[in-house]
Amino acid sequence: MPNKKKSEKLKTVLPSGGKDISFFEQVYDVVRQIPRGRVTSYGAIAAYLGTRMSARMVGWAMNGAGAVKPKVPAHRVVNRNGMLSGKAAFATPTLMEELLAKEKTKVKDDTILDFEKKFWDPAVELAL
DNA sequence: TTGTTGACCTCTT
DNA sequence: CAAGAGGCCAACA
């Protein structure tokens, strides 16, 4: 029967095999394709998905990045300024910088150096 | 149930 | 030039 009120938090975590992928899944998919030593911005991902206004959601999606498998390299995603705005969301505020440092990504003052040069644009690399 | 906040970006005043 | 508000989708109270 008819369970009309199935609007519950069913999509809290997209189940494997679910065709109806949410904004989150798309974000995760793109971020996971980011090569090592490269970085991208929330806006770039949002724009790649088609909505540059949803940049905020990209950040929210990253909130569950560590809870999703495979894990999403959220440390490779920064804001338009190349600043590690989401560093506080990691296990430790310095973890993001550490991870980037391991990938030869120089970070100074919570900001990625040569951000433009290391910038990885999904719309270009993925060549949609 | 509604309302507010959130790892942002862009446009307008 | 600088500051403010708007707007998207989703989760939390």
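Two residues are in contact if their C-beta atoms, placed from the backbone, lie within 7 Å. By that cut-off, residues 24 or more positions apart account for 60% of the contacts in chain A with a separation of 6 or more. This is a predicted model: local features need pLDDT of at least 70, side-chain atom pairs count only at pLDDT 80 or more, and totals for chains, interfaces and linings use all residues. Residues are numbered from 1 along each chain as its sequence is written, while chains are lettered from A and ligands numbered from 1 in the order in which they are written.

**Overall build**

- Chain A has 6 helices and 4 strands; these are DSSP runs, numbered from the N terminus, with helices being H or I of at least four residues and strands E of at least two.
- The order from the N terminus is α-β-α-α-β-α-β-β-α-α.
- Of the 128 residues of chain A, 28% count as buried.
- Buried here means that 20 or more other C-beta atoms lie within 10 Å of the residue's own; exposed means 12 or fewer, and partly exposed is in between, with C-beta atoms placed from the backbone.

**DNA strand B**

- Around DNA strand B there are 19 residues, the closest being Gly43, Gly59, Arg80, Ser85 and Gly86 (near means that the C-beta atom, placed from the backbone, lies within 6 Å).
- The largest share, 7 residues, comes from α3.
- By type, the surface near DNA strand B has 9 nonpolar, 7 polar and 3 charged residues.
- Nonpolar covers Ala, Val, Leu, Ile, Met, Phe, Trp, Tyr, Cys and Pro; charged covers Asp, Glu, Lys and Arg; the others, Gly among them, are polar.

**DNA strand C**

- DNA strand C is surrounded by 10 residues, the closest being Ser22, Phe23, Met53, Arg56 and Met57.
- Here too α3 gives the largest share, 4 residues.
- The surface near DNA strand C divides into 5 nonpolar, 3 polar and 2 charged residues.

- In α3, Val58, Ala61 and Met62 are buried.
- Seen down the helix axis, the buried residues of α3 fall within an arc of 100°, so they line one face (the arc is that of the directions from the axis to the C-beta atoms).
- Arg56 and Asn63 are exposed on the other side of α3.
- The buried residues of α3 pack against α1 (23–32), α2 and β2 (77–78).
- In α2, 6 of the 8 residues are buried, so the rest of the structure largely encloses this helix.
- Glycine 50 follows α2 and has a positive phi, near 115°.

**Nonpolar core**

- The largest nonpolar core has 27 residues, and Val27, Tyr28, Val31, Ile45, Val58, Ala61 and Met62 have the most contacts inside it.
- Such a core is a set of buried Ala, Val, Leu, Ile, Met, Phe, Trp, Tyr and Cys residues joined through C-beta atoms within 7 Å.
- The largest share of this core, 6 residues, comes from α2.
- Leaving out residues up to four places away in sequence, methionine 62 touches Val72, Ala74, Val77, Gly86 and Ala89.

**Backbone points to check**

- Most residues other than glycine have a negative phi, and most peptide bonds are trans.
- Lysine 69 and proline 70 are joined by a cis peptide bond, with omega about 0°.
- Proline 70 lies in the loop between α3 and β2.
- Lysine 104 is not a glycine, yet has a positive phi of about 65°.
- Lysine 104 counts as exposed, because it has 9 C-beta neighbours inside 10 Å.
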